[in-house]
Amino acid sequence: ELKKARDQALRLMSERDKLLQRVVEIHQKSIKLVEERDSLHEQNLRLIDQATRLEEERNMLLTKSSESSQDTEDRIRQLTAEKQHLMAMQQQLENDKSELFRRITDLQSHSFRAEEQARQAMGDR
């Protein structure tokens, strides 16, 4: 009887250790995802700055009278295309950020459940 109780306690401790290891793994993944999200945010800010500079250059070209009309129109088309490309990249970054947030939320939920299981395993002893 005592041996059974001891074996069960060891088994429960092993289960708890596995659950705690899983919690650590989930927390590590969560940290990596947060870092990736922050990196995407910084990249997004750089794209916004670049788009702003392009827009300022475009506006300057619109008012500049020394260039020929055709050159200006060509540059405006090029800048507009670049701006549209940057906006598409920005949208993709926003989509990536949303996906990362969803994954972080999922990981936090799994972590919470694993912690609860670990507490229950400790309470069952």
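Trainee: Is Arg102 buried, partly exposed or exposed?
Mentor: Arg102 is partly exposed, with a relative accessible area of 41%. Keep in mind that this is a predicted model.

Trainee: What do the side chains of Arg102 and Asp106 form?
Mentor: They meet in a salt bridge, 2.6 Å from N to O. Both residues lie in helix 2, 4 residues apart, about one turn of the helix. Asp106 is partly exposed too, at 32%.

Trainee: How many salt bridges does a search of the whole structure find?
Mentor: It finds 12. As background, side chains of opposite charge can pair when their charged atoms come close.

Trainee: Which residue does Arg22 pair with?
Mentor: Glu25, and the closest N and O atoms are 3.6 Å apart. Arg22 is partly exposed at 35%. Glu25 is partly exposed at 32%.

Trainee: And what about Arg75, which residue is its salt-bridge partner?
Mentor: Glu57, with the closest N and O atoms 2.8 Å apart. Arg75 is in helix 2 and Glu57 in helix 1, so this pair ties together parts that are 18 residues apart in sequence.

Trainee: Is Arg75 buried, partly exposed or exposed?
Mentor: Partly exposed, with a relative accessible area of 23%. Glu57 is partly exposed as well, at 28%.

Trainee: Let's zoom out. How many helices and strands are in the chain?
Mentor: There are 2 helices and 0 strands. The radius of gyration is 28 Å, well over the 14 Å that the globule rule gives for 125 residues, so the chain is more spread out than a compact globule.

Trainee: What does the C-alpha trace span along its principal axes?
Mentor: About 100 × 15 × 15 Å.

Trainee: How much of the chain do buried residues make up?
Mentor: They make up 20% of the 125 residues. The chain exposes about 9200 Å², and carbon and sulfur atoms supply 52% of that area.

Trainee: Back to contacts. Of those between residues at least 6 apart in sequence, what share joins residues at least 24 apart?
Mentor: That share is 79%.

Trainee: On to the largest nonpolar core. Which members touch the most other members?
Mentor: Leu33 and Leu86, out of 13 residues in that core. Helix 1 (2-63) and helix 2 (69-123) are the elements that give two or more residues to this core. Helix 1 gives the most, with 7 residues.

Trainee: What does Leu33 touch, not counting residues up to four places away?
Mentor: Leu100, Arg103, Ile104 and Leu107.

Trainee: Where does Leu79 lie?
Mentor: In helix 2. Leu79 is buried, with a relative accessible area of 2%. Leaving aside neighbours within four places, Leu79 contacts Leu54, Glu57, Arg58 and Leu61. Glu57 is also the salt-bridge partner of Arg75.

Trainee: How far apart are Leu79 and Gln43, C-alpha to C-alpha?
Mentor: They are 20 Å apart in space and 36 residues apart in sequence.

Trainee: Now Lys97. Why does Lys97 count as buried?
Mentor: Because its relative accessibility is 19%, and the buried class runs under 20%. Lys97 sits in helix 2.

Trainee: Which side chain does Lys97 make a polar contact with?
Mentor: The side chain of His41, at 3.4 Å. Beyond its neighbours within four places in sequence, Lys97 is in contact with Arg37, Leu40, His41 and Asn44.

Trainee: Is Asn44 buried or exposed?
Mentor: Asn44 counts as buried, at 4% relative accessibility. Its place is in helix 1. Not counting residues up to four places away, Asn44 touches Gln90, Leu93, Glu94 and Lys97.

Trainee: Last one. Does Phe101 count as buried or exposed?
Mentor: Exposed, at 53% relative accessibility. Phe101 is in helix 2. The C-alpha atoms of Phe101 and Gln8 are separated by 40 Å, and the two residues are 93 apart along the chain.

Terms used: Residues numbered from 1 in each chain as written. Predicted model: local features only at pLDDT ≥ 70, side-chain atom pairs only at ≥ 80, totals over all residues. Heavy atoms only, no water. Core = buried A, V, L, I, M, F, W, Y, C linked by side-chain atoms within 4.5 Å. Buried < 20%, exposed > 50% of the residue type's maximum accessible area, 1.4 Å probe, protein only. Contact = heavy atoms within 4.5 Å. Polar contact = N/O pair within 3.5 Å; in protein donor to acceptor, adjacent residues only side chain to side chain. Rg over C-alpha atoms; globule rule 2.2 N^0.38 Å. Areas by Shrake-Rupley, 256 points an atom, 1.4 Å probe, with all protein chains shown as cover. Salt bridge = Lys/Arg side-chain N within 4 Å of Asp/Glu carboxyl O.
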